[in-house]
Amino acid sequence: MEILSSSTVPCRFAVSLRSILSENASSSCLLKIPASRERRMLVARTEHSSGSLRLSGFDKLFFKNLNLEESLRSADALGGLRNGDSKVFSGSYSIGRGEVVGRITENGESLNKVLISELPDESNGEHSAPISSCFWEWKPKLHVHYEKAGCENVKSPSVLFLPGFGVGSFHYEKQLKDLGRDYRVWAIDFLGQGMSLPVENPTLLSREGVTPEGRKDSIWGFGDEIEPWANELVFSMDLWRDQVQYFVEEVIGEPVYVVGNSLGGFVALYFAASNPQLVKGVTLLNATPFWGFLPNPIRSPRLAKIFPWSGTFPLPANVRKLTEFFWQKISDPKSIAEILKQVYTDHSTNIDKVFSRIIEITQHPAAAASFASIMFAPQGQLSFRETLARCKVSNIPICLMYGKEDPWVKPFWGLQVKQQVPEAPYYEVSPAGHCPHDEVPEV
């Protein structure tokens, strides 16, 4: 998919996966991406400046070996774009066997076409990258689970995927299998989620071997005394930012392109804003623009003192009771199925594996207490807008992709980001919900 931007004027792009619509500019250019090799349209974009067309370095990563610059340079399709013009584009994609033909259009006539191939079909013997599941011990008792693919591509750039709330690296299986054929690809589970839950109970039982509520402690984190290793442990934005930082430094070992969905999008920006030297670019997939209800103790120390508990272990007695009540409801398979039905627009999408993995996570003895810690954890030291501002100052390229039918993080939020960072390309994908990377991975 190709992005066009005129100067620093915000542009909005809508992409339909089911029908081909046409609107228009004065003429058109056709970019054919070889189906067998390059289909990296995830962050591809073109820029129009002072009458010329160019690909930024961020784009060249994904247009490697295509020699597209000369083709774009000779195209007249952008002749109608002038500095200061405000353009609203719409477009469409029709996904079928073989190739996907996309048409970015404006005002009635075709502006650009791009061919996007499908993901590798393993049932037909097509090659996909093998995925390795690993653990990295960051701190005592805190083991980070991650998956990787394409590590043999030693001369290729590294791409790191960050998951949304309640899922894990498994949610990026399609990206690992596909992009892992050409790049070094990683996906991690945040601490307190996925397979990065505590490996031991962070709390101790009372002397009688029962919880203060009078029952055996089968749920980790519900004891009345803290284990030394879990002192001050709270599954917060600040912890996840640090987790990503050390993972990049110690495991990947080089700056990365980072991609985040939902909560992972916010963490991606937070990490990039705090560590610009470790980031080559950020792609946001329906990124949530806020996280956490309680004030950050460093940012607002006086206000934070008003709240007696902010996600640490052990959980207070009243929080344990509240957690048990809500956990029984939200961890019920029927509730999980209903939530997935909301966030996936196309109900024909096979989400059996995602469903089963989420169910598996909820059965971990530390899941309930970790959920409570996350819900009561303080906000990060930086707001979403502040992270964007810092990334802009550091000249970190940002790309925006939003599923149009997302019931939670609606495109409105993506357009708000676009206003703050007008040079960032913006893709609106339809039909697609909260998880476009899993629902329409081809795009």
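Helix α11 is followed by N395, whose phi is positive, near 60°. The model is predicted, so local features need pLDDT of at least 70, side-chain atom pairs count only at pLDDT 80 or more, and totals for chains, interfaces and linings use all residues. Residues are numbered from 1 along each chain as its sequence is written, and side-chain values use heavy atoms, without hydrogens and water.

The protein has 13 helices and 17 strands. These are DSSP runs, with at least four residues (H or I) for a helix and at least two (E) for a strand, numbered from the N terminus. Of the 443 residues, 56% count as buried. Buried means under 20% relative accessible area, and exposed means over 50% (1.4 Å probe, protein chains only).

Now look at α11. F384, T387, L388 and C391 are buried there. They cover an arc of only 100° around the axis, so they sit on the same side of α11. That arc is taken from the directions from the helix axis to the C-beta atoms. The face turned away from the buried side carries the exposed residues R385 and V393. Which elements cover the buried residues of α11? They include α5, β15, β16 and α12.

| Helix | Residues | Contact residues (heavy atoms within 4.5 Å) |
|---|---|---|
| α7 | 317–330 | V319, L322, T323, W327, I330 |
| α10 | 367–376 | A367, A368, F371, A372, F376 |

The axes of α7 and α10 come within 10 Å and cross at roughly 110°. The two helices are therefore roughly perpendicular (65 to 115 degrees) to each other.

Notes:
Axes are lines fitted to C-alpha atoms, for helices over the stretch in contact, and angles run from 0 to 180 degrees between N-to-C directions. Angles under 35 degrees count as roughly parallel, over 145 as roughly antiparallel, 65 to 115 as roughly perpendicular and the rest as oblique.
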